[in-house]
2 protein chains.
Amino acid sequence: MTTDAGPPRPVTRIQREKQEVILEAALDVFSQFGFRGSTIDQIAEAAGMSKPNLLYYFKSKEDIHAPLLERILDIWLDPLREMNDDGDPLAEIRSYIRRKLEMSRDFPRESRLFANEMLRGAPGFYEILHTDLKDLVDEKARLIKGWMAEGRLAVTDPYHLIFSIWATTQHYADFDIQVRAVLGPDRGGEGRFDDAARFLDQLFLSGLSPKKKA
Amino acid sequence: MTTDAGPPRPVTRIQREKQEVILEAALDVFSQFGFRGSTIDQIAEAAGMSKPNLLYYFKSKEDIHAPLLERILDIWLDPLREMNDDGDPLAEIRSYIRRKLEMSRDFPRESRLFANEMLRGAPGFYEILHTDLKDLVDEKARLIKGWMAEGRLAVTDPYHLIFSIWATTQHYADFDIQVRAVLGPDRGGEGRFDDAARFLDQLFLSGLSPKKKA
DNA sequence: ATTTTTTTTGACCGATTGGAAAAATTCTAG
DNA sequence: CTAGAATTTTTCCAATCGGTCAAAAAAAAT
């Protein structure tokens, strides 16, 4: 009982690799059909292995889902954490929007998995939402409120401002099919994220009011 | 073969009622778990009847789901249809936002069902998206573009403007759990929709730039 | 009151679900 | 090479899935 000689060596090289393959496949499946709509067989096939083999690495469906959610929330909030008092408030917010939009472009499956979880009421996730997440948003809301008090930003509700950034950016991942269907083949190509970035820049900077005629 | 004496009387009073009960229950279930994640037993229990009894009114799971989707898309696009050239462009857009936000408040399940369908790629729905929906959006985009050309609205991408309205308003239905978790018990009460309406008014009207000091 | 139609129920079906057990295989260290 | 551990496959299971069917019950029509 001195050197803690328990079983501390469960991490082989092949284990790490296969676990990564499984999580990757599970992300594909879960992000489309949600937790309940996805099957282990589906994930196993996407991962190129048999179901019992998959269950050798993750002992249950939940055990695959949970780490995905944790990882995603962490990545997801990174851009918000980086918003600080360094530069111009408008530039900070603009930068936050841009980073969030890039994440919707580069990690759409992660966004959809998160959305799926929200839609079903985020069971077993609700704790983190109104502790960790709420704390972070509260902190950034105070930061934004400070900017407003200094007259460096129009006075509005900082919480709903953050919501609107989440909503507008994630929309391009979660409702991708709709976006591309509406834009059509010409406008809906890869350039749609650049168009979105330009539009959002203007929206959050100055809104829709026309410039006064000189 | 003269008077077409087929079976043209399948609509009894009790049939209409039970069908309504079933669709109501199905909306509850489908909006949470999506099509694949929902079970007929679940819907039957929510509707207060046995599974075979439910299948007496709708002969398959898809037959319950399809009419829900059709009905929802129709209701969902109504506010957009009503946007026309009657009054001030900014007032028209403001009114559209308000109506859309009210729908997220009053019909959150419908919004979530729609979101669920988008997340899984809208199979058997894609047709309508880039015919009916695209046509409507194209028409309204032209209307908006006209306003911009007349200098009555800031010049931006009208498609992404519409997307941003969809995103910001539906967010309060689809991510309701997150919104309430972040806002907390005090700010997250019934008043959150009024706060959202005020914020969105300002965002779309004039953005976040601070007013110039006099 | 009785016939006919509509509605509901109970029993059941094959396929799929999440998961267990154990044998068979492959890998790795000595 | 060979023992031991790690990995994979085969087989299997009880529960649940979407859905059928015939019989019972309830309404409606006569």
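pLDDT is the predictor's confidence in each residue, from 0 to 100. This is a predicted model, in which local features need pLDDT of at least 70, side-chain atom pairs count only at pLDDT 80 or more, and totals for chains, interfaces and linings use all residues. Residues are numbered from 1 along each chain as its sequence is written.

**View 1. Confidence in chain A.** Chain A averages a pLDDT of 92. At least 70 is the score of 94% of its residues. Over residues 1–9 of chain A, pLDDT stays under 50. The model scores are ipTM 0.92 and pTM 0.93.

**View 2. The interface of chain A and chain B.** Contacts join 67 residues of chain A to 67 residues of chain B. The buried area (accessible area, 1.4 Å probe, that two parts lose on being put together, summed over both) is about 6100 Å². Carbon and sulfur atoms give 67% of that area.

**View 3. The side of chain A that touches chain B.** Helices (DSSP runs of H or I, at least four residues, numbered from the N terminus) that give two or more residues include H1 (13–37), H7 (126–149) and H8 (158–174) of chain A. H8(A) gives the largest share, twelve residues.

Technical notes:
Chains are lettered from A and ligands numbered from 1 in the order in which they are written. Side-chain values use heavy atoms; hydrogens and water are left out. Contact means heavy atoms within 4.5 Å.
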